[in-house]
Amino acid sequence: VCQQCGRTFARKMGRCPQCNAWNSMVEELVAPPPAAKHSVARGLGGISTPRRLAEISGDVEERMPLSIGEFARVLGGGIVPGSIVLVGGDPGIGKSTLMLQVAMELARNGTVLYVSGEESERQIKMRALRLLRTNDGEALPDMPDGLLLVTETSLGVILEHIAAINPALLVLDSIQTT
């Protein structure tokens, strides 16, 4: 970081190319904050500890039900809270449309954050409006209030949104752009 103008560079230089000051470059290390020694969270976000499987609480049938029958069947009856589901396939086969439909359904009963790294807000809204219409053009229920949309590709910013919103469901469309 140049101590004269504040410009940052990936490597040390003798002279700052922005303000032309000599020997004004100082290395600044950016380190993540130290992790807490004791955390209430388990697994990915905190300290993990081996536990007996019999001690772990949770009902085998605890799932978020879906009205999209075949998708729910593939998931074993619905979405398991806390799980990660990867939907893959060739371009243009309807992955984003399917996930938007699922997000809209679950947003009627909770908060859903839909993160798009490929399409604009407007494109997603147009798709959502098409999903809300019947084949004869008749309008279905209103857009669910629990559905939040953000177009973002920065993982850090996405994680900030997730922490602030704490959604019941997160849709990342698509993983290669985030």
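Q: Which pattern does the protein chain follow, read along the sequence?
A: The secondary structure comes to four helices and three strands. Taken in sequence order, these elements give the pattern α-α-β-α-β-α-β.

Q: What share of the 178 residues in the protein chain is buried?
A: Buried means under 20% relative accessible area. In this predicted model, the share of the 178 residues that are buried is 23%.

Q: Among contacts between residues at least 6 apart in sequence, what share joins residues at least 24 apart?
A: Contact here means heavy atoms within 4.5 Å. Of the contacts between residues at least 6 apart, the share that joins residues at least 24 apart is 55%.

Q: Which element gives the most to the lining of the largest pocket?
A: The pocket has a volume of about 1500 Å³. Its lining takes two or more residues each from helix H2 (95-106), helix H4 (155-165) and strand E3 (169-173). With five residues, the top contributor is E3.

Q: Which residues lie nearest the centre of the largest pocket?
A: By class, the lining has nine charged, twelve polar and 24 nonpolar residues. The pocket is lined by 45 residues, and those nearest its centre are Ser83, Ile84, Val85, Leu170 and Leu172.

Q: How far apart are the end C-alpha atoms of H2, and why does that agree with its twelve residues?
A: At 1.5 Å a residue, H2 should span 16 Å. The expected span uses one less than the number of residues. The computed distance agrees with this, so the answer is 17 Å.

Q: Which elements do the buried residues of H2 pack against?
A: Ser96, Met99, Leu100, Val102, Ala103, Met104 and Leu106 are buried in H2. Their packing partners are helix H1 (69-74), strand E1 (112-116), helix H3 (121-131), strand E2 (147-151) and E3.

Q: Is Ser116 buried or exposed?
A: Ser116 lies in strand E1. Beyond its neighbours within four places in sequence, Ser116 is in contact with Ile124, Val150, Thr151, Glu152 and Asp173. A polar atom of its side chain lies 3.0 Å from the backbone nitrogen of Glu119. The relative accessible area of Ser116 is 2%, and the cut-off is under 20%, so Ser116 is buried.

Q: Which residue does a polar contact of 3.2 Å join to Ser174, side chain to side chain?
A: Ser174 sits in the segment after E3. Its relative accessible area is 10%, so Ser174 counts as buried. Not counting residues up to four places away in sequence, Ser174 touches Gly117 and Glu118. The side chain that makes the polar contact belongs to Glu118.

Q: What distance separates the C-alpha atoms of Ile162 and Leu113?
A: Ile162 is found in helix H4 and is partly exposed at 22% relative accessibility. Leaving out residues up to four places away, Ile162 touches Leu113, Pro167 and Leu170. Ile162 and Leu113 are 49 residues apart along the chain, with their C-alpha atoms separated by 7.7 Å.

Q: How far apart in space are Leu129 and Asp142, C-alpha to C-alpha?
A: Leu129 lies in helix H3. Its relative accessible area is 33%, so Leu129 is partly exposed. Leu129 and Asp142 are 13 residues apart in sequence, and their C-alpha separation in space is 9.2 Å.

Technical notes
Residues numbered from 1 in each chain as written. Predicted model: local features only at pLDDT ≥ 70, side-chain atom pairs only at ≥ 80, totals over all residues. Heavy atoms only, no water. 1 Å grid on protein atoms, 1.4 Å probe; cavity = no way out; pocket = protein on both sides within 12 Å on 5 of 7 lines; lining within 4 Å. Points joined across faces, edges and corners; volume = space filled by probe spheres on them. Nonpolar A, V, L, I, M, F, W, Y, C, P; charged D, E, K, R; others polar. Buried < 20%, exposed > 50% of the residue type's maximum accessible area, 1.4 Å probe, protein only. Polar contact = N/O pair within 3.5 Å; in protein donor to acceptor, adjacent residues only side chain to side chain.
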